[in-house]
Amino acid sequence: MTDSDITLAAVELDQTTLLTPGQIFRQRMFGHKGFLIGATLILIIAIVALLAPVLAPHSPFEQSLADRMLPPVWSEGGTWDYLLGTDQNGRDYLSRLIYGTRVSITIGLGAATVGLLIGVTLGVIAGYFGGWADHSISFLLTAQLALPGLLLAMALVFIIGPSIWVVIGIVGVLHWTYYLVVTRAATQRIRSLDFVAAAAAAGASPRQIIWHEILPNLMSSIIVIFTFELGIAILAESSLSFLGVGIQPPTPSWGLMIAEGKQAMFYRPWLVILPGICLFLLVIGANLMGDGLRDITSPEGRNE
Amino acid sequence: MTALLDINHLNITLRSPNGPLRVVRDLTLELNRGEALGIVGESGSGKSMTALALMRLLPRSAEYQATSMAYDGVQLPDLEDAQFYRSIAGPRIGMIFQEPMTSLNPVYTIGRQMTEASVARGLMSAAAAHKKAVTLLDRVGIPDPEDRMSQYPHQMSGGQRQRVMIAMTLMLDPDLLIADEPTTALDVTVQAQILDLLDDLRRERQMGLILISHDLAVVAQRTDRVAVMFAGELVEQGTAQQVLYAPQHDYTRKLLAAVPRLDGTPGRPAPATPRVEDVIVARDVSRIYTARKGLFGPKRDIKALDGVSLSVKRGETLALIGESGSGKSTLARILLGLDHATSGEIDLIGRPIDQIPPTERAAFVQPVFQDPYTSLNPRRRLSEIISRPLMLRGERDSATNLAAVKEMMERVRLPIRLLHAYPSQLSGGQRQRVAIARALVTRPKALICDEPTSALDVSVQAQILDLLDELRDQMNLTTLLITHDMAVVHQTADRVAVMRNGRIVEEGTASAVLSHPTNDYTARLLEAAPRFETV
Amino acid sequence: MLRYIMLRGCLAILVAFTVSLAAFLLLNVASDPAQAIAGEDATAEVVETIRARYGLDRPLPVRYLDWLGGVVQGDFGESYYWHKPVASLVADRVDETLTLAFSALAVTILIAIPLGALAALNPNSWIDRFALGVAVSAQAIPNFWLGLLMIIFFAVTIPIFPVSGDSTWRHFVLPAFVLGSSSVPAVMRLTRTGLIEVMGADYIRTARSKGFRGWQLLRRHALRNAILPVISVLAVQLGQKFGGSVITESIFAINGLGRLALESILGADIPTVQMLIFVFAIVFVAMNLLADILNAAIDPRIRIG
């Protein structure tokens, strides 16, 4: 060490004790209340979905005409046999709600993944190559934003014929813009940084630069958007099912259950309220997780 | 007579996630009317925090206490916010900042921003304020001041905006002007003009001036007294002469030793055997960018490079000097294969650059960039970053790569324990060492260093320059050093090429160009370079 | 400035036609309109007769150009379901949807902007946390469910507002609230982050060093800069209100375009669906154009390049 190194040693030593990005992430994660609440909610609902056959007291499809529209156990006339009552066909409401998690989560994950693949691919291409690629993709974005998404989704699902896969495909294909906007801007920013120039000077091809230098730096924003899109896709499915152009009976989808309960909502309000609460908890869990992840992964924490 | 400013035992604490941070400790300062005080220190020394505390501009997370902070006999901390903002901030103390590009509000005219403070206070009618603003703009050297009043900040250059900032603070005739790194973001020649302007104005108006800078030379030339800060403490204070030529504190001495000098014989001594082999040759290289305004806007040609020819011989260091926009970085990007010349030829060791495959080119020439905070991928460990060029070349044997990485880390004097650290765990100087290790791991013939030290503190700059010097001799490297700093050239270059507006205006050995410049522009650059003469 | 507006205008027209083409292709390739008109159980001959009668046997490009030619003259074709010109169907119902969309936007602005601004000016205070809570919850509540809850609540518990129909302004209070609340999170968050960013800008520091503070600082230096991104997001949200009217109108039994959309989809009435998609897209594009022009008027960096 040269002489002038010594004064700096104190300062540098101070800084080399800093934590790795992974350690900072874990530390912030456990200090973020919103994230913990959201993650717990999601975890519980995911477990319910996985263990649905074990947890559900009845089959979600089995009809018992003698026991139609029983109220939940705490209301007058409720029985312990049907904890949350039964619907208009005499099916156990709790079991249908439990199986409903599977529909929501499958569609949420599926559609958010379809959107991710489209949006991130386009975003990285537009951001990295710029020029006409960027202009065309930006035009595509404007056109997509101008389309009334729900209306188009309703029409397409109705025309093609409703099934879980069609709903996943259509909701996914209509929800890529958020990924695109964020990854495009981030790619543009990262592309102009010197470490990308250094990689190019070391002989890396565009493909190598995108995979090795750019995508790892996009991961945290992509995960954040994915959690938000998960919630958005779940809400989109429930809206479609509610309007009758999504999941079809007798599959237990929460949106569909609300639609079915609507006729009787003035004297059997729980038929509408319970599936709504399930939806709310699942989506708020995803949003809290997304908000939390954004705070945790942003360099300065929450912006103040 | 009481001092204009009297600060006693000022402490500033910053709340941070890792507990409170004392950024200023027990600072005691005094400033008399009409006196110029320079505060010098490296980043994190607390020099700006002191000024911000004085102006009540500290971030929300910061707090200050002082036994006394008196301005013209008035204890500032005792004032209510309303009173402070009405009678002190603006009319008594004016402040200008480092970033002229963002310090003016982009959506309002220059005229409105200049006049609003005096008009809102009811000190002047709008017409009188307008007249005064025009006079002041004229005084600070803005041409056509009347027309400028209705323009917006984005229509002016950085230097002009800083002049507007100065004129704006003078609208309220303060007795004290605080200038926080007022010229750091500006080119050398502009920097000299702005500093001269500040100096003249202070004498003319008998204003107190606090000039905050990381640059000892800047401060030494223009102030009566100098205060040196280190890690939140005031380590030394005295007349500029005392501090520069008879420093008392260890830190000041080291800081002074680290500053590149413009005295003595410029350049490195000539080698025993003349250098003959051309490593980099550029012949009549031009680069024209076609810019469009918006998607369908009119096309405009910008000549970034205009017929540049130069050659760098094996083992020598050619310094390419010029101000921002002169085209020196464009040339570097072309030599690195990151951009292509519109016309002209470039040879690397006798082969045209276009005919060399990228990975092979990487074995000839490698870059070191300016900003160590953006030149390393934040998601990769040091071991991955340094070995990446080897991987790209197809050398995938992890044991030999690891050995190569370790050897390079030793050469650039990075502790091996940092092998698996991430860039965010490193200091600026350490990061720049990583960038150098990455550049050298493929054993290139030539290094292209684009302002390799201008983002670093002075003492770190000295270490990095020394390291580059040493490696150059050990590995027989050819170096193209791009810089705006005459002192760096003076210290490390064999030959110099001066660039302006995409052309090379003067070229020659460092000693010839720096001692007897033949070009006007070179002479101006040399004249403007901050320096302190030895007694 | 004029050049900028014209460029934006051309782009808007281009977008509108791309969207119409996309909608046309999607709807006509994915389905067989002749079959849809004839019904599921129709025989092949009946379907073929209908195909010939409506000109559906011609190739797609010809049909698109034919449709486009009609659109330019204000003719959007005839509804298969109601057997009336689509344009008159839409004209009959547009008032309800306009009323709903603009009152919903008013609800959004009244809630989101003050809340966002208060949160930005007092970061990490109770109001900031409250605002964040409102945003997170409003984002997670299914819009149609909120509508049903309102109906249950206001029909049974406190019957002050009617829950069905569109004859008086009182009928629009609940639907406007439900539709407006869906935009509150986006607008509030943007107001908050935008204002926080502006308040941390260098030029605000300059203004403070000149002695400006509090309301004066906000009015003179922050608001104009902070409002720029909010204008753009409001335009997007207003555009989305029209699409969102499908759910709200069907729940609250408002006879507007949203309900028309649902009915025509369930009736496989392709011309009507097509026109509605086109009209909603035009509204969206027009709102964005308006926002661009407003931004250019406010921001000299766009006005004077």
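The model is predicted, with local features needing pLDDT of at least 70 and side-chain atom pairs counting only at pLDDT 80 or more, while totals for chains, interfaces and linings use all residues. Residues are numbered from 1 along each chain as its sequence is written, chains are lettered from A and ligands numbered from 1 in the order in which they are written, and side-chain values use heavy atoms, with hydrogens and water left out.

Chain B holds 19 helices and 21 strands, where helices (H or I, at least four residues) and strands (E, at least two) are DSSP runs numbered from the N terminus. Its radius of gyration is 26 Å, close to the 24 Å that the globule rule gives for 535 residues, so chain B is as compact as a globular protein of that length; the radius is taken over C-alpha atoms, and the rule is 2.2 Å times the number of residues to the power 0.38. Along the principal axes, the C-alpha trace of chain B spans about 70 × 55 × 50 Å. Of its 535 residues, 57% count as buried, a word that stands for under 20% relative accessible area (1.4 Å probe, protein chains only).

Chain C is built from 14 helices and zero strands, and its C-alpha atoms fill a box of roughly 85 × 55 × 30 Å, taken along the principal axes. Buried residues make up 52% of the 305 residues in chain C, and the accessible surface of this chain comes to about 12,900 Å², of which 66% belongs to carbon and sulfur atoms.

Within chain C, helix H12 (residues 257-266) is mostly covered, with seven of its ten residues buried. These buried residues are C:Leu257, C:Gly258, C:Leu260, C:Ala261, C:Leu262, C:Ser264 and C:Ile265, and they pack against helix H7 (149-160) of chain A as well as against helix H5 (86-121), helix H11 (214-252) and helix H13 (270-298) of chain C, where contact means heavy atoms within 4.5 Å. After H12(C) comes C:Ala268, whose phi is positive, near 55°.

Terms used. Buried means under 20% relative accessible area, exposed over 50%, partly exposed in between (1.4 Å probe, protein chains only). Accessible areas come from the Shrake-Rupley method with a 1.4 Å probe; for residues, only the protein chains shown count as cover.
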